[in-house]
Amino acid sequence: MIAIFTAMKGEAAPFIDYLGLKSCGDISGIKLYSNERYLLAITGMGKINAACAVTRILTLYDDIKLAVNIGTCAGEKTGQTYLINKITDEDSSKDYYPDMLYKSPFDEICLHTSDSFKTDTCFEDSFGPFVYDMEGAAFFAASSSFLSPDKVILLKTVSDSGDPDIVTADYCKKLLAVNAASSIDFIEGIYSLLAESPYKEADILCEEYSTKLKCSEYMRNDLKQLIRFALSCNKDIKSLIESHLPVKNKEEGKKVLADVRQKLVE
Amino acid sequence: MSDKSLLNKPFEHIYIEEGVKDHPMTLQVLARYESSKRIYIRHYKDVFNRKNQNFRAQSMSRSLILAKNTGNLIFKGSDMCQDHGNSRFYYATSVMNCLFDCDYCFLKGMYPTADIVIFVNLEDYASKIRDMLQEGPMYLSISYDTDLLALNKVADLLSFWTDLALKEKDLTLEIRTKASCDVFEPVPNIIYSFTLSPQKVISSYEKHTAGLNSRLQSVIKACEEGCKVRLCFDPVVYINGWEECYNSFMDEVIPQIPWDKITDISVGTFRISKEYQKGLRSSCPMSAVTEYPYINEGGYLKIDNELAAGMREIIVAGLREVKDEKYIFCDSDGSFLGDR
Ligand code: SF4
């Protein structure tokens, strides 16, 4: 599942429309929309709201594989959508780095986050140009406790150059609608690359044979490793185990594991 | 990962510590990667040491980090490394991580990321080494946390080390590699160590490294140029049909090598510190070499002793036919042939 986090309803609206998401209630004031593949959460503005919402959602939904923060930001080029490659929390001076593994149709830039509105027009520091928002750093810090930094993505569209008063819900909706399709294409591309667990087949076999061999937790770990090894070098572990079945108790199961191991590494 | 066309090229992103952005080595690397995106950072650890990184995903599209090493530059050699009789055996970490991607590489267990760091302040390495040489000759492995020959296309590190070896006669450098190379500078105190593996092992476990034939050609070339050459049959790893695989490998290798020009040979079966196992398996799942049910001896994971002895014997028996035993070192996995 893919989770999209936006701060405001106006930022969420183009994606709710584009993906055909349906409202699915709210959790502690966090409004949720979903379909079978996406969950969109409206976090509210500011770092604390963002961090709390992300933590809540990623704790509740353990099948989320990708977290995406989409929203507006202040910056020099109004209308430009950026993929964020560095985030600086202006309040703590801490820097965060999402992995940049995937080709994107968007330019990249650094994002500065702080709890206050930006009202000046300076968008460059000694490290280079940046855009500015009020959630990004908190979103990244919270998400990366759950997901690796290749699975945490930030897409920001410049809404103003230090004039927050012009940023209405309707304005955000129109602005973000322009790149909604290309944003979702990009997200879908990444999602398609996230591999299924490499251990799927091994896990199924382990489930089946740990019962048949009357395994304790410790034996189960041994069995799991033997199955993974056997599958990785195309050895027929099923026949090896089956030839010893049934076993009466744990002790017999242990002997089978020792014998199977011996045969596998010959 | 299925569609690799969705991934950025390696080094599409280069992270540069603010403090080294004008260092000559930084400028040299950036000139080679003009179109890469540059991200300026305060400290390399802010990127390198991020929590929860996915080594497996990152190794599909590595980033490069250019930084200054302000910590330890030179380390004492570990027990698990062959010291070839050198009591002052050290290794230098001027690079962390490798362009190659061997399934069994200990770096996967040791480092939290697949991104590669090049420490550009090589001048500090030179002065540290000169200080250490005051206390006597030293043997320094410079290709320990990376494959330096492979990385030379990214940064010309080799010429720095060659110049240093030419100036410091008490310094012996070892450059270990799985790359192929056809230009060698014969320096009496540089040992080129070539790791040789069966082609089946290379294809299965040693991604992006040179094929066996290219490695053999590099060995022959280095010998012809008058370089000191060490051959490393290390690690010998488990592979399905290992007996046949290693026997035919030796049959292929033995007739091609100019044995009289080989300085020495090391042989060792795979072993790794237990603490690296988790990282190794998660970064390279379902590979027979990571999933093998190793035995744990004193905190090190090893192939079963009997099997390891059988594997080693195939290599050593072949080598004995062409080289005096005193040039064959097998001590890092518990056995030992060569003289000290
Ligand atoms: S060549 Fe050496 S350092 Fe590089 S990945 Fe392989 S084992 Fe690791």
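In strand 11 of chain A, which residue is the bridge partner of Leu83(A)?

Analyst: Leu155(A) is the bridge partner of Leu83(A). A caution before going on: this is a predicted model, in which local features need pLDDT of at least 70, side-chain atom pairs count only at pLDDT 80 or more, and totals for chains, interfaces and linings use all residues. Residues are numbered from 1 along each chain as its sequence is written, while chains are lettered from A and ligands numbered from 1 in the order in which they are written.

That bridge belongs to a pairing of strand 6 of chain A with strand 11 (residues 152-160) of chain A. The two run antiparallel, joined by three bridges. Strands here are DSSP runs of E, at least two residues long, and helices are runs of H or I, at least four, numbered from the N terminus. Two strands pair if DSSP finds at least two bridges between them.

Strand 6 of chain A has other partners. With strand 8 (residues 107-113) of chain A it pairs in the parallel sense, over seven bridges. There, Ile84(A) has Ile109(A) as its bridge partner. With strand 7 (residues 94-96) of chain A, strand 6 pairs in the antiparallel sense, over three bridges. Thr88(A) stands opposite Asp95(A) in that pairing. Strands 6 and 7 of chain A form a hairpin with four residues between them. In its turn, Ser93(A) has a positive phi of about 60°.

How covered is the strand? Eight of the nine residues of strand 6 of chain A are buried, so the rest of the structure largely encloses it. Buried means 20 or more other C-beta atoms within 10 Å of the residue's own, with C-beta atoms placed from the backbone. Across chain A, 44% of the 266 residues count as buried.

Ser23(A) stands opposite Tyr33(A) in strand 3 of chain A. Strands 2 and 3 of chain A also form a hairpin, with two residues between them. Ser28(A) sits in that turn with a positive phi of about 45°.

Strand 6 of chain A also matters for the meeting of the two chains. The contact (C-beta atoms, placed from the backbone, within 7 Å) takes 32 residues from chain A and 34 residues from chain B. Strand 6 (81-89), helix 5 (180-193) and helix 7 (217-232) of chain A each supply at least two residues of the side touching chain B. Helix 7 of chain A gives the largest share, six residues. By class, this side of chain A has 15 nonpolar, nine polar and eight charged residues. Nonpolar covers Ala, Val, Leu, Ile, Met, Phe, Trp, Tyr, Cys and Pro; charged covers Asp, Glu, Lys and Arg; the others, Gly among them, are polar.

Now the chain as a whole. Chain A holds nine helices and eleven strands. Along its principal axes, the C-alpha trace of chain A spans about 75 × 40 × 30 Å. Among contacts in chain A with a separation of 6 or more, residues 24 or more positions apart account for 69%.

Conventions
A residue is buried if 20 or more other C-beta atoms lie within 10 Å of its own, exposed if 12 or fewer, and partly exposed in between; C-beta atoms are placed from the backbone.
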